[in-house]
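Please examine the model shown here and follow the explanation below from one residue to the whole fold.

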Amino acid sequence: MSIRVRYERELKGVFDNLVLMCRHNEVAIEKCVKSLIERDFELAKEVYAEDKLIDKIEREIEQSCLRILLMEHPVAGDFLEVAAALKMITDLERIGDQARDIAEITLQFGDDTYLKKDDTYIKKLVHIPQMAVIVIQMVKDGVQAYINRDLTLARSLGKTDDKVDELFNTVMNELTALIRKNPENAEQAILFMMITKYLERIGDHAVNIGEWVEYAITGHHPKD
């Protein structure tokens with residue numbers, strides 16, 4: 001088997017595992033937010049299993065990338081693709097960690113009623129699942145941009161992240177006002193702030209993925 005055929009086979013394995021890693025991240029985010037909204041503690045615990053799978057796939061991708069780098073005479077483009085993949089899986093792994101962190105916070109709430117001194121705010125928790133929907137799509141778009149070498153899609157992630165930041169600021173402002181109004185809800189409000197921050201960070205990681213896609217395609221990182 002020629003070196004090039006081996007390289008292409010290994011790279012396809014990287015692509016397939018990136019898609020799989022992305023899918024488990026998507027499921028983890030969906031589960032952690034659903035468990036929060038529906039008070040489903042068993043579902044929150046399932047996020048831990050998703051995180052372990054994400055870590056396992058990360059290791060498999062690392063091994064594939066190392067095998068590619070050890071092949072004889074890889075061309076410059078090979079190095080760019082492999083380097084980008086290695087950077088991307090770091091962000092994907094951290095996304096899994098943040099979904100797990102959200103699940104951990106859900107378990108911290110226990111059976112306590114959410115923000116019991118301000119029932120009207122509960123309706124505004126819709127902003128959290130809205131953020132989740134956007135960041136899930138961002139992660140999917142980042143991985144697809146890498147596989148399809150879609151520079152336009154990769155560069156669009158920054159603008160999409162602006163929507164996540166807007167929702168983040170809205171939730172933080174609302175929760176700050178809630179604490180001033182009802183200090184008894186401060187502890188729970190802070191937990192919701194942490195959840196919102198984790199979702200905002202997931203959006204940032206998706207932007208990082210897009211930047212590494214640009215590096216793989218052009219040979220230049222946008223922050224250089």
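R39 counts as partly exposed because its relative accessibility is 26%; buried means under 20% relative accessible area, exposed means over 50%, and partly exposed lies in between, with a 1.4 Å probe and protein chains only. R39 lies in the loop between α1 and α2, where helices (H or I, at least four residues) and strands (E, at least two) are DSSP runs numbered from the N terminus. R39 has a positive phi of about 55° although it is not a glycine. Most residues other than glycine have a negative phi.

This is a predicted model, in which local features need pLDDT of at least 70 and side-chain atom pairs count only at pLDDT 80 or more, while totals for chains, interfaces and linings use all residues. Residues are numbered from 1 along each chain as its sequence is written, and side-chain values use heavy atoms, with hydrogens and water left out.

What sits over the ring of Y114? The charged end of R39 does, 3.8 Å from the ring centre; a charge sits over a ring if NZ of Lys or CZ of Arg is within 6 Å of the ring centre and within 35 degrees of the ring normal. Y114 also takes part in ring pairing. Rings of Phe, Tyr and Trp (its six-membered ring) pair if their centres lie within 6.5 Å, and planes under 30 degrees apart count as stacked, over 60 as edge-to-face and the rest as tilted. By this rule the count comes to five aromatic pairs. One of them joins F109 and Y114 edge-to-face, at 4.8 Å centre to centre with 70° between the planes. Both F109 and Y114 are buried. F109 and F192 form a tilted pair, with 5.0 Å between centres and 40° between the planes. This pair links distant parts of the chain, since F109 is in helix α3 and F192 is in helix α7, 83 residues apart.

D40 caps the N-terminal end of α2, with a side-chain oxygen 3.3 Å from the backbone nitrogen of E42. This is a polar contact, that is, a pair of N or O atoms within 3.5 Å; within protein, one must be able to donate a hydrogen and the other to accept it, and residues adjacent in sequence count only if both atoms are side-chain atoms. The 29 residues of α2 should span 42 Å at 1.5 Å a residue, and its end C-alpha atoms are 43 Å apart, which agrees; the expected span is 1.5 Å times one less than the number of residues. The buried residues of α2 include L43, V47, E50, I54, I57, I61 and I68. An α-helix has 3.6 residues a turn, so residues three or four places apart point the same way.

Just after α5, R149 takes a positive phi of about 55°, and R149 is placed in the loop between α5 and α6. R149 is partly exposed because its relative accessible area is 40%. R149 is touched by E81, a residue in helix α3. Is E81 buried or exposed? At 13% relative accessibility, E81 counts as buried. Contact means heavy atoms within 4.5 Å, and, not counting residues up to four places away in sequence, E81 also touches Y7, L11, Y146 and A216.

Beyond its near neighbours in sequence (up to four places away), Y146 touches residues including L11, F15, L18, M88 and V213.

Finally, the whole protein may be considered. The protein has seven helices and zero strands. Of its 224 residues, 49% count as buried. The C-alpha atoms fill a box of roughly 70 × 35 × 20 Å, taken along the principal axes. Among contacts between residues at least 6 apart in sequence, 83% join residues at least 24 apart.
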